[in-house]
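Dear colleague,

I am handing over the structure below, and after it I set out what was found. Please read the notes with the coordinates open beside you.

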Amino acid sequence: MNIAVFVSGRGSNLQAILESDYSKDVISVKAVISDKKDCAAFQIAGKYFIPTFTIGNRPGKVSYNELITSLNKLEIELIVLAGFLKLIPTELLIVFQNKIINIHPALLPSYGGTGMYGMNVHRAVFNSGDKYSGATVHIVNKEYDSGRIIAQEKVDISGAKSPDELADEVLKVEHKLLPYVLRKIALGEIDLQSSQKIISL
Ligand code: GRF
């Protein structure tokens, strides 16, 4: 299955998709897209000779309409947001209806929405005193973190002594859950258009 991965930063989930035994034989990452031209994830894409696109309005960047043309040429079947911080515009949501997924580092619908990204999420969970956090994969719609949930994995965080430790525990699970879900989609075991079931590892 041909996918495009959208990133804004480090790219450890991109790396997991490229290297996991779950995904590497059934998933082909054909493009990596970012809103930040110098993000670390682009270096990972470079190592794998994957074309990159920086979205934006300035010279050298591509508009969403230009990107859609490129994604169609590359025969992209699914878009994966892995640490992409911007909202997805309507034109892309229409072309890829129910074909855009996101990984979120908490158990949605808790700890999602505007401003809930990165360490903001993990600090909020840590301060709440919750014993569990986790990772969620969901369909992307026009609001942050509110689309239909596809997969969720709980993580016992009772031993985490700081938000950083909590983030590390959750990230380890993200690196398994996302490739696992991608495998299931590629093999036709999850139908993104209609699936109401929430799977886990
Ligand atoms: C991950 O925690 C992901 O769940 C969230 O942003 C982070 C991205 O990390 N959406 P990385 O860039 O994949 O390392």
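In which loop is Phe49 found? The model is a predicted one, and in it Phe49 is found in the loop between helix α2 (40–47) and strand β3 (52–54). Although Phe49 is not a glycine, the residue has a positive phi of about 55°. As background, most residues other than glycine have a negative phi, and most peptide bonds are trans. Phe49 has a relative accessible area of 75% and therefore counts as exposed, the cut-off being over 50%.

The ligand sits in the largest pocket, and the elements that give two or more residues to the shell around the ligand are helix α1 (12–19) and strand β5 (100–104). The residues around the ligand are Arg10, Gly11, Ser12, Asn13, Gly83, Ile103, His104, Pro105 and Glu174. By class, the residues of this shell divide into two nonpolar, five polar and two charged.

An N or O atom in the side chain of Arg10 is 2.5 Å from an oxygen atom of the ligand, while a polar backbone atom of Asn13 is 2.9 Å from an oxygen atom of the ligand. On the nitrogen side, a nitrogen atom of the ligand lies 2.9 Å from a backbone N or O atom of Ile103. On its own the ligand has 370 Å² of accessible area, and the protein covers 88% of that area.

Ser12, one of the residues around the ligand, is found in helix α1. With a relative accessible area of 17%, Ser12 falls under the 20% cut-off and is therefore buried. The side chain of Ser12 is joined to the side chain of His175 by a polar contact of 2.8 Å.

Asn2 is found in strand β1 (residues 2–7), and because its relative accessibility is 15%, under the 20% cut-off, Asn2 counts as buried. From Asn2 to Phe96 the separation along the chain is 94 residues, and their C-alpha atoms are separated by 13 Å.

Ser23 lies in the loop between α1 and β2 (28–34). The relative accessibility of Ser23 is 0%, and so this loop residue counts as buried. Ser23 and Tyr117 are likewise 94 residues apart in sequence, with 25 Å between them in space, C-alpha to C-alpha.

The place of Ala45 is in helix α2, and Ala45 is buried because its relative accessible area is 0%, under the 20% cut-off. Between Ala45 and Val137 there are 22 Å in space, C-alpha to C-alpha, for a separation of 92 residues in sequence.

Ser133 lies in strand β6 (residues 132–139), where a relative accessible area of 2% means that Ser133 is buried. The C-alpha atoms of Ser133 and Gly112 are separated by 12 Å, the two residues being 21 residues apart along the chain.

Please keep in mind while looking at them that the model is predicted.

With kind regards

Definitions and conventions. Residues numbered from 1 in each chain as written. Predicted model: local features only at pLDDT ≥ 70, side-chain atom pairs only at ≥ 80, totals over all residues. Heavy atoms only, no water. Near = heavy atom within 4 Å. Polar contact = N/O pair within 3.5 Å; in protein donor to acceptor, adjacent residues only side chain to side chain. Areas by Shrake-Rupley, 256 points an atom, 1.4 Å probe, with all protein chains shown as cover. 1 Å grid on protein atoms, 1.4 Å probe; cavity = no way out; pocket = protein on both sides within 12 Å on 5 of 7 lines; lining within 4 Å. Sits in = over half its atoms within 2 Å of the grid points. Helix = DSSP H or I, 4+ residues; strand = E, 2+ residues; numbered from the N terminus. Nonpolar A, V, L, I, M, F, W, Y, C, P; charged D, E, K, R; others polar. Buried < 20%, exposed > 50% of the residue type's maximum accessible area, 1.4 Å probe, protein only.
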